Amino acid sequence: MSAPDAAELRAEFLLDPDVAFLNHGSFGACPRPVFERYRHWQRELEREPVDFIVRRLPGLLDEARGALAAYLGASSTDLAFVPNATHAVNLAARSLDLRPGDEVLATDLEYGACDHAWEWLCRRTGAMYVRAETPRPPSDAGIVDALFARVGERTRVVFVSHVTSESALVLPVAEIVARARAAGLTTVVDGAHGPAHVPVDLDALGADFYAGNCHKWLLAPKGAGFLHARPERQERVDAAIVSWGYAEGMTFSGRIEQQGTRDCAAWLAVPDAIRFQAERDWDAVRVRCRTLAREARDELGSLLETEPPAPAELHAQMTTVRLPEPDPELSNRLHADHRIEIPVVGADRDQLRISAAGYTTRDEIDRLLSALAR
């Protein structure tokens, strides 16, 4: 099947047709066929709970995990399903044997919830969370150099995003991971915006831990995320709670996933999300989306008479434009007055972040331009 246009794809989603939804990056959106499979698995659970959970679910999870592993260039034995990427970052962080004075090094572009996770862990271990200042305007070389300029004798861990949440920058994670590993440093990658947004080959990347979401750009239902851990790291990774996954002989995935009664329908629908995109030539869809994001960025910058925060080549399907002045309430006004969903981001709340998803139409961009002009 050739790539459908944005209007055709919009009809396949459950999104409110009256809203110009330019904020796919926050929580994603699930297409109808995938959502129906999600509901199918929920009905199967309720139809015969014992048979489903005890007899069928282990095999079904193995199949779903295998499909995701093949998509991500990984072994299924190195993957475990979790609710979201922040959950996965927490599991990875708590598996590390941090000591007083050790340092966890990150950029100053990381997702706030993950900043909180590292700060919490450092308070309890006596370690330090160090954030390297990113050069403005950013560049691949500048980001890498600024990060590793902060590596010191006490640095133990390097934590970076694959695609940053607020600034929407695609970071050079392959170079960062390779350089960190050469220095003997543990690497943790926050891939919340990675899968189906930018190329992801986990075995080739070689990070110690990669935390990802399936519910954002891969279009799976909410509650579908994963943790990928190198084999030598898995023994120290504990689940959120100790439960049946700690029985003798359990695998890494079993330990993380088996935590009593839970709804695993979102995880089981991940193969359907992968198939949905494959059947619609999603590589071509991504190219169209990146072009639309760049056009929107340039036209909004011209309208607002502001310089872009970063070069266009550092963005993919998300991008940012600078506002003439900070405006923390702009997002709420655009939604209330114009039914446009778009976030205001940045420490000073002086930028708009635009997401161009497969269903994003040119009309929605024009609607935003018109609203801002007024």
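Predicted model: local features only at pLDDT ≥ 70, side-chain atom pairs only at ≥ 80, totals over all residues.
Two residues are taken to be in contact when heavy atoms of theirs lie within 4.5 Å. Leaving out residues up to four places away in sequence, Val-270 touches Leu-68, Phe-81, Cys-214, Leu-218, Ala-220 and Ala-224. Val-270 and Leu-68 are also the residues with the most contacts inside the largest nonpolar core, which has 97 residues. Another core lies apart from it; this one has 30 residues, including Val-82, Val-89, Cys-122 and Ala-192.

Val-270 also belongs to the residue range of helix H12 (residues 270–278), whose axis comes within 9 Å of that of helix H3 (residues 32–47). The two axes cross at roughly 160 degrees. Since angles over 145 degrees count as roughly antiparallel, H3 is therefore roughly antiparallel to H12. The crossing of H3 past H12 is right-handed. On the H3 side, the contact is made by Pro-33, Val-34, Arg-37 and Trp-41, and on the H12 side by Asp-272, Ala-273 and Phe-276.

Attention now turns to Asn-213, a residue of strand E7 (residues 209–213). With a relative accessible area of 3%, Asn-213 counts as buried, because the cut-off for that term is under 20%. The Asn-213 side chain reaches the backbone nitrogen of Ala-85 at 2.8 Å. Beyond its neighbours within four places in sequence, Asn-213 is in contact with Asn-84 and Ala-85, with Gly-191, Ala-192 and Pro-195, and with Ala-224, Gly-225 and Phe-226. Two of these partners lead back to the residues described above: Ala-224 is touched by Val-270, and Ala-192 is among the residues of the 30-residue core.

Terms used
Residues numbered from 1 in each chain as written. Heavy atoms only, no water. Helix = DSSP H or I, 4+ residues; strand = E, 2+ residues; numbered from the N terminus. Buried < 20%, exposed > 50% of the residue type's maximum accessible area, 1.4 Å probe, protein only. Polar contact = N/O pair within 3.5 Å; in protein donor to acceptor, adjacent residues only side chain to side chain. Core = buried A, V, L, I, M, F, W, Y, C linked by side-chain atoms within 4.5 Å. Axes fitted to C-alpha atoms, helices over the stretch in contact; angles between N-to-C directions. Parallel < 35°, antiparallel > 145°, perpendicular 65-115°, else oblique. Left-handed = near helix turned anticlockwise from the far one by under 90°.
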